[in-house]
Amino acid sequence: MPGKTDNRPAVPGPEAQELAARLSSNSVEALPEGGLAAQLDRDGPLRIKLGIDPTAPDIHLGHTVVLNKLAQFQAEGHQVVLIIGDYTARVGDPSGRSEQRPVLTPEQIDANAATFQDQAFRILDRSQTEVRFNSEWLRMEAEDLFSLMAKATIARLLERDDFQKRIEAGRPISALELLYPLLQGYDSVAIDADVELGGTDQKFNLLFGRDIQAAYGRPQQTVMTMPILPGIDGTRRMSKSLGNYIGVTDPPEEMFGKLMRVPDANLTEYWQLLLGADPPAGDSPIQAKRELGRRLVARFHDEAAADLAEQHFDRVFVRHEAPEEIEEFEIAGDGDVHLPAALAEMFGISRSEGRRVLAQGGVKRDGEVLPAEPLDYPVPELDGAVIQVGKRRFRRLRAGA
RNA sequence: GGGGGAGUGCCCGAGUGGUUAAAGGGGACCGGCUGUAAACCGGUUGGCUCCGCCUACGUAGGUUCGAAUCCUACCUCCCCCA
């Protein structure tokens with residue numbers, strides 16, 4: 001059958017090779033070797049696939065590594081196809097049972113998908129993006145599913161090393177997990193993917209998609225894996241559930257502040273993966289880190305926000321002054337304020353924890369450390385006071401009417 | 001279908017009748033040093049009406065002066081044999 005693969009020239013032209021190299025920048029692998037150049041050598045836009053899991057809607061900087069790559073393809077005129085894995089999410093992956101992952105309702109999945117798209121289009125060009133839900137084609141007849149399942153063997157599916165490790169550790173692997181690569185691969189068949197992107201952890205699934213496409217007599221996609229961005233702890237991958245993430249919708253001061261906490265050792269990595277450049281030569285780590293913060297805040301907010309965020313940082317963390325704007329907390333009109341209770345309410349901690357930070361000298365009133373005793377203060381004495389817990393939690397007290 | 005093993009605090013993981021709110025590690029929080037970096041050091045880490053009380057070791061009962069530890073049933077998971 002005539003297809004894109006059939007009239008492939010033996011050697012891609014130099015232009016295609018050059019473009020392929022450019023598009024592969026930052027990637028860990030682009031497979032098979034020379035595949036992308038060959039695809040680019042043919043005319044017409046390529047279909048670039050990215051599958052996303054709609055169980056967690058918020059996009060963080062880790063996701064943007066892949067999204068930026070998609071945007072780069074778009075800039076060259078290619079078509080991005082975003083696949084929202086609503087069907088697989090709806091089935092509910094039982095493998096996470098130890099993580100007590102709740103099965104999401106269709107409404108939640110739709111809401112998450114909407115949020116995700118909203119955030120993704122801060123990076124991607126909407127006009128060059130096709131959004132598809134995989135329930136569209138995965139809601140298939142059992143007969144069709146069986147025929148899909150017949151295209152792979154268990155041995156092949158078990159090859160992936162994370163399964164191997166789990167088997168050795170005696171941890172469970174659900175049948176659905178085993179099937180996952182098949183379903184993901186079928187997505188590629190359904191949308192005629194030319195290139196599929198993903199993190200390095202997706203390598204197996206991405207390559208498996210090629211086999212499935214071939215089994216259905218389709219041209220095979222090439223795959224490109226991107227590095228995994230470490231979180232602000234500098235060790236584990238950035239992820240919302242690990243709490244080490246920077247969300248693209250984080251407020252400017254928070255985004256800047258979190259970036260400043262990234263370990264120096266990861267600075268070059270952050271520059272390369274997020275800005276596509278090396279830190280300016282000759283800059284000290286702190287200078288390079290500030291510049292990183294300014295640029296990223298400017299990207300996801302704007303220049304003015306970046307300036308303000310840096311000023312806020314200098315004020316609160318370098319000079320240890322109270323921030324310009326502090327949320328108010330209303331205290332009851334008369335009588336005493338029981339500090340542990342007030343702290344609990346103000347900062348969403350328990351009263352016991354309030355007592356603890358107080359005892360540890362972690363609570364300040366207008367910059368002065370409060371002693372462990374007393375616990376109660378007359379309301380008028382605290383009216384207007386700025387209460388601070390630790391380095392970055394502030395509230396201004398206001399006596400109620 | 002048969003046999004064996006496991007469920008502990010945010011997570012991992014000790015503990016097999018009392019001095020256990022439960023070792024140790026991780027994480028988190030507070031403090032020190034700083035560039036809110038990392039590393040490092042010290043402290044804290046169930047709740048509350050906090051020098052005491054309450055609730056906790058899968059769930060529900062039971063034995064005992066006393067149980068996370070023993071018994072019974074149930075739930076969930078893992079492994080092996082078929």
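# Reading a predicted protein–RNA model

User: How do I read which parts of the RNA face the protein, sugar and phosphate or bases?

Analyst: Look at the RNA atoms within 4 Å of the protein. Here 58% of such atoms of RNA strand B belong to sugar or phosphate, and the rest belong to bases.

User: Which helices supply the surface near RNA strand B, and which gives the most?

Analyst: At least two residues each come from helix 12 (252-260), helix 14 (285-300), helix 15 (303-318) and helix 17 (351-359). Helix 17 gives the most, with four residues. By type, the residues of this surface divide into nine nonpolar, eight polar and eight charged.

User: Is helix 12 mostly covered or mostly open?

Analyst: Helix 12 is mostly covered, with seven of its nine residues buried. Those buried are P252, M255, F256, G257, K258, L259 and M260. The cover over them includes helix 3 (61-75), helix 13 (267-275), helix 14 and helix 15.

User: How should I take in the chain as a whole?

Analyst: Start with its elements and its divisions. Chain A has 18 helices and 13 strands, and its C-alpha atoms fill a box of roughly 85 × 50 × 40 Å along the principal axes. It is divided into domain 1 (14-226), domain 2 (252-318) and domain 3 (328-399). Between domain 2 and domain 3, the C-alpha centres are 32 Å apart. Of the 401 residues in chain A, 46% are buried. Among contacts with a separation of 6 or more, 69% join residues 24 or more positions apart.

User: What should I look for in a nonpolar core?

Analyst: In soluble globular proteins, nonpolar side chains tend to be buried together. In this model the largest nonpolar core has 58 residues, and L36, L61, L70 and Y270 touch the most other members. At least three residues of this core come from domain 1, and at least three from domain 2. Another core, of 21 residues, lies apart from it and has V81, L148, I191 and I212 among its members.

User: Which residues does L70 touch, beyond those up to four places away in sequence?

Analyst: L70 touches I48, L50, V80, L82, L124 and L197.

User: Why does K49 count as buried?

Analyst: The cut-off for buried is under 20% relative accessible area. K49 counts as buried because its relative accessibility is 1%. K49 is found in strand 2 (residues 47-52). A polar atom of the K49 side chain lies 2.9 Å from the backbone oxygen of Q184. Beyond four places in sequence, the contacts of K49 include V81, D187, I191, E196 and Q221.

User: Why does Q72 count as partly exposed?

Analyst: Q72 counts as partly exposed because its relative accessibility is 24%. Q72 sits in helix 3. Its contacts beyond four places in sequence are R22, L23 and S25. Q72 and S24 are 48 residues apart in sequence, and their C-alpha atoms are 9.9 Å apart.

User: What backbone angles deserve a second look?

Analyst: Most residues other than glycine have a negative phi, and most peptide bonds are trans. In this model, the peptide bond from L31 to P32 is cis, with omega near -10 degrees. P32 lies in the loop between strand 1 (29-31) and helix 2 (35-41). D192 has a positive phi, near 55 degrees, and belongs to the loop between helix 10 (175-191) and strand 5 (195-199). Phi of H320 is also near 55 degrees, and H320 is in the loop between helix 15 and strand 7 (328-331).

User: How do D192 and H320 count, buried, partly exposed or exposed?

Analyst: D192 counts as partly exposed, because its relative accessibility is 41%. H320, at 61%, counts as exposed.

Notes: Residues numbered from 1 in each chain as written. Chains lettered and ligands numbered in written order. Predicted model: local features only at pLDDT ≥ 70, side-chain atom pairs only at ≥ 80, totals over all residues. Heavy atoms only, no water. Domains from an automatic or database assignment. Core = buried A, V, L, I, M, F, W, Y, C linked by side-chain atoms within 4.5 Å. Buried < 20%, exposed > 50% of the residue type's maximum accessible area, 1.4 Å probe, protein only. Contact = heavy atoms within 4.5 Å. Near = heavy atom within 4 Å. Nonpolar A, V, L, I, M, F, W, Y, C, P; charged D, E, K, R; others polar. Polar contact = N/O pair within 3.5 Å; in protein donor to acceptor, adjacent residues only side chain to side chain.
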